[in-house]
There are 2 protein chains.
Amino acid sequence: MATSPHSLLLQNPTHHLPNNSTLKPFNAFPLTSTRFTPSTTDKRLSITCATTTQIQDRPPAQAHSEDRVFNFAAGPAILPENVLKKAQSELYNYRGSGMSVMEMSHRGKEFLSIIQKAESDLRALLEIPDEYAVLFLQGGATTQFAAIPLNLCTPDDPVDFLVTGSWGDKAFKEAQKYSQPKLIWSGKPEKYTKIPSFEDLEQTPDAKYLHICANETIHGVEFKNYPTPKNATGLLVADMSSNFCSKPVDVSKFGVIYAGAQKNVGPSGVTVVIIRKDLIGNAQKTTPVMLDYKIHAENNSLYNTPPCFGIYMCGLVFEDLLEQGGLKEVEKKNKKKAEILYNAIDESNGFFRCPVEKSVRSLMNVPFTLEKSELEAEFVKEAAKEKMVQLKGHRSVGGMRASIYNAMPLAGVETLVAFMKDFQARHA
Amino acid sequence: MATSPHSLLLQNPTHHLPNNSTLKPFNAFPLTSTRFTPSTTDKRLSITCATTTQIQDRPPAQAHSEDRVFNFAAGPAILPENVLKKAQSELYNYRGSGMSVMEMSHRGKEFLSIIQKAESDLRALLEIPDEYAVLFLQGGATTQFAAIPLNLCTPDDPVDFLVTGSWGDKAFKEAQKYSQPKLIWSGKPEKYTKIPSFEDLEQTPDAKYLHICANETIHGVEFKNYPTPKNATGLLVADMSSNFCSKPVDVSKFGVIYAGAQKNVGPSGVTVVIIRKDLIGNAQKTTPVMLDYKIHAENNSLYNTPPCFGIYMCGLVFEDLLEQGGLKEVEKKNKKKAEILYNAIDESNGFFRCPVEKSVRSLMNVPFTLEKSELEAEFVKEAAKEKMVQLKGHRSVGGMRASIYNAMPLAGVETLVAFMKDFQARHA
């Protein structure tokens, strides 16, 4: 990996320095025998440093420090460096409040301001209409697999599932406890590499909703447009965990959108649910109070103690995405990164292979295999030596997988592609 | 509040400085017109500072910085300063891994090491027997209000509830969805200020368990010993959210202990469940997969993505509690703090009043009122000016409440007591 001039600067907190400062943070210098005599009148200070001093401008937000690895994990996943820096600077004493966000009462004015801004920024990012509630919950998408039918169905209601990967299949199975789900199409016979033509789908007329997983994290299959529900309610429900906020989405096409935060928008432990308000309030009687959308909507996600620090982190990410120009700009960057990587695979003369049909390849999760599968372990190992980690494919499918979420810098993908070409040259 | 000599040092990250360094962190000095010419050979560096320089030794772990407030919130609540400092220092690059804990795959070796050490340290702290599983879950105690009956009962099974405050009452109500709970005693007629004599309790012989809330956060009522279940299973189940790890507990007396982390052991978003292993595996068929203890036990809390950063924070707190000498030492400190505060109330000649019966007063949550209730708002306001915050009582009961969890330093309680005496002198 190329040496970055920003490496030392990024390794240490720079947040107390003025913006654009050319100063190196003090604690970047290993200290030798420096001692001071306490004084309340000293105006000058001389410091002896044992190291060389390379002074650089502050790096741009998207830069990548040599001290950091390129983390291709599928989730929890890479977060924007500037967001982490900000969180670090505020961790001990949040903006003069005298406490960490982790210590704040969830009903105090500081945290209320944090959660309200997070919601407001997310609404701006996705242009969420007023008739939708935004909930910050716990338990991951897996909890929603139960909450969705519990809130939208009776146990006798049919619902339709279009299953394009493992996560959609898990949602389908959990829904069997609380509704009568029908598998109207499954990509399993073709190892989850396709999305069907929507016209040919046989939807159930009295289904309460049609469920999809917008992006399958394990199989790398992503909906590029969405089926129109041909059921009585017209409701489309989508698990968007692994492509949430990676591109613009017309929220008004959905009844419910839900997403675990730990791919694109924050740490694990926060689940975002965007739900049309008229769908709230009909939970089955045996719904646990914590899975009842009505409870959370009426209490603005503060019925019980929410995952405060996680919500704060999501808020910082939303702010960062807005500062990048919003989701249209973010999508452009994601398309460019994905294009470079898929091209490298497709132009390798079969040395690397991506099993997913081209038209539905994910912008977020890129699974690939080696023609010589015996080299895959070596590939992952060598990449790790070059500080590209978590490239091993999911244990259920094998091969490799590069997750290139919003926060993965272009340099990460370029470094990976350069490594792939080098690896091929050495092993072809 | 007395001026602390540690104030400036604590305000800024000091983690890169050698231990016991007498150096002030560089970024504590407001910078003026300081500029450097880049050089790779400079060995010396001169810095102009615009402020006075007061140099102090690093404070001990339990010290309290003037920049921080004394946070008496009931939860999320104060965390140990040294734990926050450590988390801050590791937030951007965890121990050379090149990533934040928030970015780590929950199946990678770094996080596995974190969660395994957290469990192992908690087992050491509470001397948890091998026949108990330790689970790190999401959703707070409120989710467990449903999970407990769903895992331990059929819908027709009777269970006994001894309700000593609002949280026990909420658990009782949620259990009605999944079992036949019986309220064998309620403190409500006496405004939740008492715990009954255990001999007089009429327990249900075929009850599946007896449920208590070991410490009622809102009402400040704490069990000092525990009732013996006189039911067929002999099972006692306890919500220990607000006194978890505040004192030693004989885990073997319980079937299940559960606790939200956000009082004594970490940030919100993590729930610890300690359950005897033979009780696992009988969940009702409609139990959401995320509420099924079997799923979590079989997968070592990694069935789906756990709240990784929260678990890491809990681990740091467990480590800190062990370093303090374990829960016996922690209990001593908590008893001393509580004694000082309750004495101040009791010796105020009725100016301050605690409604809770003396023998069951909580070591953690100290509710009190003013004889002249019209002064309560003023008390809270003046205290906040003195950097003692979140002293307002729960909205359901009014008055004041000082939560003095493990991480509240003795100095916090002493400062509060001094303020109370001063306030009384001015308003008696």
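Mentor: In chain B, helix H9 (residues 376-385) packs against helix H10 (residues 410-427) at an angle of about 130 degrees, and their axes are 11 Å apart. Helices here are DSSP runs of H or I with at least four residues, strands are runs of E with at least two, and both are numbered from the N terminus. Axes are lines fitted to C-alpha atoms, for helices over the stretch in contact, with angles running from 0 to 180 degrees between N-to-C directions. The angle makes H9(B) oblique to H10(B); under 35 degrees counts as roughly parallel, over 145 as roughly antiparallel, 65 to 115 as roughly perpendicular, and the rest as oblique. The crossing of H9(B) and H10(B) is right-handed, a term for the near helix being turned clockwise from the far one by less than a right angle, with anticlockwise giving left-handed. H9(B) contributes Glu378(B), Phe379(B), Glu382(B) and Ala383(B) to the contact, and H10(B) contributes Leu416(B), Phe419(B), Met420(B), Phe423(B), Arg426(B) and His427(B). Contact means heavy atoms within 4.5 Å.

This is a predicted model, in which local features need pLDDT of at least 70 and side-chain atom pairs count only at pLDDT 80 or more, whereas totals for chains, interfaces and linings use all residues. Residues are numbered from 1 along each chain as its sequence is written, chains are lettered from A and ligands numbered from 1 in the order in which they are written, and side-chain values use heavy atoms, with hydrogens and water left out.

In chain A, the axes of H9 (residues 376-385) and H10 (residues 410-427) come within 11 Å and cross at roughly 130 degrees. H9(A) and H10(A) are therefore oblique to each other, and their crossing is right-handed.

The largest nonpolar core has 202 residues, of which Phe244(A), Phe379(A), Phe244(B) and Phe379(B) touch the most other members. Such a core is a set of buried Ala, Val, Leu, Ile, Met, Phe, Trp, Tyr and Cys residues joined through side-chain atoms within 4.5 Å; buried means under 20% relative accessible area, exposed over 50%, and partly exposed in between (1.4 Å probe, protein chains only). Setting aside residues up to four places away in sequence, Phe379(A) touches, among others, Phe352(A), Leu391(A), Leu416(A), Phe419(A), Met420(A) and Phe423(A).

Val272(A) is buried at a relative accessible area of 1%. Ile275(A) also lies in S11(A), which spans residues 271-276, and counts as buried at 0%. The contacts of Ile275(A) beyond four places in sequence include Tyr132(A), Leu135(A), Val256(A) and Tyr293(A).

Helix H2 of chain A (residues 81-90) is largely enclosed by the rest of the structure, because eight of its ten residues are buried. Among them are Glu81(A), Val83(A), Leu84(A) and Lys85(A).

Lastly, the cysteines: a search of the whole structure finds zero disulfides over all chains, a disulfide being a pair of cysteine sulfur atoms within 2.5 Å. For Cys308(A), the nearest cysteine sulfur is that of Cys314(A), 12 Å away. Cys308(A) is buried, with a relative accessible area of 1%. The sulfur of Cys153(B) is 18 Å from the closest cysteine sulfur, in Cys213(B), which is too far for a bond; Cys153(B) is buried at 4%.
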